[in-house]
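Have the sequence and the 3D view open as you read.

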Amino acid sequence: MNNEPVIRIKDLKKHFPSGSGRFTALNGIDLLFSKGEFTGIIGPSGSGKTTLLNIIGTLDTPSEGEALILGRSAGSLSAKESAALRKSQLGFIFQTYNLFPVYTVFENVEFPLLLQGVESSQRRKMVLDALEWVGLTDKIRSRPAQLSGGESQRVAIARAMVKRPAIVLADEPTANLDAKNSHNILQTMEKLNRELRTTFIFATHDEKVIGYVRRKIFLFDGKVAGDEIINKN
Amino acid sequence: MIKFLFSGLIRDKHRSLIPFLVTATGVMLTVVFHAWMTGVLGNSIEFNARFSTGHVKIMTRAYAENMSQTPNDLAILGTDTLMNVLPQLFPEMLFAERIYFGGIVDIPDKNGETRAQGPAMGIGIDLLSENSPEIERLNLASSLKNGQLPVNKNEVLLSNKFAEKLELSPGDTLTLVSTTMYGEFTLHNFTLAGTVEFGNTALDRGTVIADLRDLREALNMDAAAGEILGFLKTGTYDVVQTTAVTNRFNARFLVEEDEFSLVMKNLPELNNMGFLVEYSDKIKGILVAVFIFAMSLILWNAGLLGGLRRYGEFGMRLAIGEEKSHVYLTMIIESSIIGFFGSLAGTATGLAIALYLQNQGLDLGFMMKNASIMMPSVFRAQITPATWYIGFIPGVISAQIGTMLAGMGIYKRQTSQLFKELEA
Ligand SMILES: Nc1ncnc2c1ncn2[C@@H]1O[C@H](COP(=O)(O)OP(=O)(O)O)[C@@H](O)[C@H]1O
Ligand SMILES: [Mg+2]
């Protein structure tokens, strides 16, 4: 068993310019994440969840301190390197799904593989596998506009998972969903987490999500206010 | 990836339709405008060339210096031999002798007393030879208003207004009062064969068109002509060709010390035609520059609006691991595809309209009524090889420039910011 953490965050700070001064959104974060975690970053609106997730996802850079993502320092990656890291190892799920509206379900899920240059028959197989994980094989020709919110988020999960990334970052994934759909996608992600050993990190304040996670990191005013491991046997 | 972009373009009307229509419209306007300007300028140049300047003009040096007075006492002598030599020296040209003259037209009554009189500007051309190219060149057949074209000795044409003013009908006699080449007073009787109207004020006021041979008799200009006009056989003025001809001619005939030596003048040197020729050359460049500028501006804004709608898509693509430069590149590829098809459509419709304007022409005679410069009354567009590509390349380029400018904003933004703006 490999216990090397997939993410290592040390005294991380993030400042944003604000008016004449600056606003500190993250104020000295120290965290380790291991492979296969199913973790929620929990906190009220404005506590810094999205900012932290963006830095882990290399969509944003630290102001101070260090964030090592799969051994790579987020602060010192070039744009090209961070794109390459995202392309191969990171999957994203957003509150607003962010599906490509003009493309079919199949094409949406296919896109990450297209970027990776996966060969076409292999691509097709992987897309169909991913759609099977989320139970949407009957919708491959549909457009996002024809899908319900729950279905849309399942497509987004398939798109994030199709390349089998090491880490999936989900920012308020249930915020636009009703209870039934929320439970459905959480069960789907939990299953993928167990089967593929993918690390899942959620930013959320949704009780339903909190009920599924196996580790709760409480964020308050840019600081870690608590870190609990839940034992679910 | 190209397939991916292409299907996106086809499915998303917002992404393709507006830039497509903008490009197509701009290209169409450019094509039509270019063909029209080329036509109008070309028509004006040819009209002047046919009636007055030729594509090139041969005179004596002394005549050339006082050209506006058409001083026939300084006319070219021995034109009969010259007219044999010229076609051999310049096989690319057709030459025509002309005698321009002034005088008074006097209408006698039954008793030979003056009934009416008027000042006349005369053009002597080869009217009576069989198949004389001058008939066609001056568009005489279609300009005929009354009577017929001269077929016999001493028959002339008069501008219709002039004839009306003098109360003259075909078959009537008129007397030309003028001076001979040697400065002597002379009278010559002509018969009016027909009247003409060119739709041009200067020409329709008081023009007499007579045959060269009759005029030579009347003005005592045996084997002489005031001017010899040269026309390119292609029928269209071309400054490069005429410059070569002019240089060759002057090298051979022009003698600095001899004021009766022959000189050839190129059309731009005559009747202030230079500006038209120059204008005609520059118009293309100006047109293309204005077009690229305006289209880029419009497409830039269209691109900004379109890009705004796509921030979420771009942000997501970046999150999935596409490089920013690649996103930017795909935007430019998209716009090139749109620019290509927009330009194609614009060129096609533009050419169709230009073709219509070329065949039908537009009668602007009502606007030319008081024009004192020589302009035809019917203008036609002219499609040249340039018409085919003049809009096309700028169409594609401005689609690209517009996207580059629009894409800049996306390029500069923080990736995480793209999502923020989407949520706002
Ligand atoms: N780009 C930015 N510029 C300025 N302030 C920002 C920016 N992004 C986030 N913030 C601020 O940082 C704080 C944390 O934001 P965020 O991480 O989005 O919180 P959460 O996701 O927990 O709601 C908020 O007060 C927010 O206004
Ligand atoms: Mg947030």
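A polar contact is a pair of N or O atoms within 3.5 Å; within protein, one must be able to donate a hydrogen and the other to accept it, and residues adjacent in sequence count only if both atoms are side-chain atoms. By that rule, 6 residue pairs are in polar contact between chain B and chain A, both residues at pLDDT 80 or more.

Before going further, a word on the source: this is a predicted model, in which local features need pLDDT of at least 70, side-chain atom pairs count only at pLDDT 80 or more, and totals for chains, interfaces and linings use all residues. Residues are numbered from 1 along each chain as its sequence is written, chains are lettered from A and ligands numbered from 1 in the order in which they are written, and side-chain values use heavy atoms, with hydrogens and water left out.

Now look at where the chains touch. Chain B brings 23 residues to the contact and chain A brings 23 residues, where contact means heavy atoms within 4.5 Å. About 2,200 Å² is buried between them, with carbon and sulfur atoms giving 64%; buried area is the accessible area (1.4 Å probe) that two parts lose on being put together, summed over both. On the chain B side, B:Phe4, B:Arg11 and B:Ile320 supply 31% of the area that chain B buries against chain A, more than any other three residues.

B:Arg11 also has a charged partner: its side chain meets that of A:Glu107 in a salt bridge (2.7 Å, N to O). With a salt bridge taken as a side-chain nitrogen of Lys or Arg within 4 Å of a carboxyl oxygen of Asp or Glu, the interface has 2 salt bridges.

Next, turn to ligand 1. Residues from chains A and B surround it, so the site is shared between chains. Of the 13 residues around ligand 1, A:Gly46, A:Gly48, A:Lys49, A:Thr50 and A:Thr51 come nearest; a residue counts as near if one of its heavy atoms lies within 4 Å.

Which backbone atoms approach the oxygen atoms of ligand 1? A polar backbone atom of A:Gly46 is 2.7 Å from an oxygen atom of the ligand, and one of A:Lys49 is 2.9 Å from an oxygen atom. A:Thr51 uses its side chain instead, with a polar atom 2.5 Å from a ligand oxygen.
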